[in-house]
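Visitor: I have a structure open here and would like to go through it with you. Could we start with one residue and work outwards?
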Amino acid sequence: MHDALTLRLASALHAGQVADVATGPALTENEAALFDTAVDAAYADLSATLEQRGEPALDESYAGNPAERWQRLLERSRIAQAQSPFRHLILPETRWETLQATSYARLSDDDLVSLLTRCHMDISRTAGIDWTGPHVLRSGLMLWLAPALLLETEAWRDHLARLLSDRHTARAIRYVALRLRQADGAAEGKVLHA
């Protein structure tokens, strides 16, 4: 139920484009209704699964939460994310803010590499040399999401060696992989391209 609810609420966030509600305007009743629908649909899925197993179905659900309650829950969620133990491990702060604020529910592998590239900063390397470019970032993602595919990449050893020397980027990649797993529910099914 947790995974189904997480996916449905992420879809409701995306559909309502309410990703910045904690700092922006309050949720509307229509946006709250999207969350209620997501809860009701996840509950219906659970009931159907129980019936398939020969168990009694659950009574129908109607979440019917007011927008203020959803607003408070979203604000609590944002506070919990801001207090993440990863916050102090992923530097610079702007990279953390970008990665933490991103919704991972519908990102492709190219989107993930682009996200990591946009917030990447080689702070200890010679200017003009692309030490940790997109191919290295993609290899780092493959390490966590598709290790067998990583081994098919020609320069995987060099790529991982570069990441070992750039721990802030390696941590950022691990964080992205964890967030993707959380959003997808099962990273094993995520298709990465070499």
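Visitor: Is S139 buried or exposed?
Guide: This is a predicted model, and in it S139 is buried, because its relative accessible area is 0%, which falls under the 20% cut-off for that class.

Visitor: Where does S139 sit, and what does it touch?
Guide: S139 lies in helix 6, which covers residues 134–145. Leaving aside residues up to four places away in sequence, S139 is in contact with L150, T153, H159 and L160.

Visitor: Which elements have the lowest and the highest mean pLDDT?
Guide: Helix 6 has the highest mean pLDDT among the elements of the protein chain, at 94, while helix 1 (residues 2–16) has the lowest, at 63. Where pLDDT is low, the predicted coordinates should not be read in detail.

Visitor: And what does the protein chain average?
Guide: The average pLDDT of the protein chain is 81, and 76% of the residues score at least 70.

Visitor: Switching topic, which residues of helix 4 are buried?
Guide: In helix 4, which runs over residues 93–101, the buried residues are R95, W96, L99 and Q100. Viewed down the helix axis, these buried residues of helix 4 fall within an arc of 120 degrees, so they line one face of the helix.

Visitor: What about E68, where is that one and how accessible is it?
Guide: E68 belongs to helix 3, residues 67–82, and it counts as partly exposed because its relative accessibility is 48%.

Visitor: How far apart are E68 and T28?
Guide: Although 40 residues separate E68 and T28 in sequence, their C-alpha atoms are 8.8 Å apart in space.

Definitions and conventions: Residues are numbered from 1 along each chain as its sequence is written. This is a predicted model: local features need pLDDT of at least 70, side-chain atom pairs count only at pLDDT 80 or more; totals for chains, interfaces and linings use all residues. Side-chain values use heavy atoms; hydrogens and water are left out. Helices (H or I, at least four residues) and strands (E, at least two) are DSSP runs, numbered from the N terminus. Buried means under 20% relative accessible area, exposed over 50%, partly exposed in between (1.4 Å probe, protein chains only). Contact means heavy atoms within 4.5 Å. pLDDT is the predictor's confidence in each residue, from 0 to 100. The arc is that of the directions from the helix axis to the C-beta atoms.
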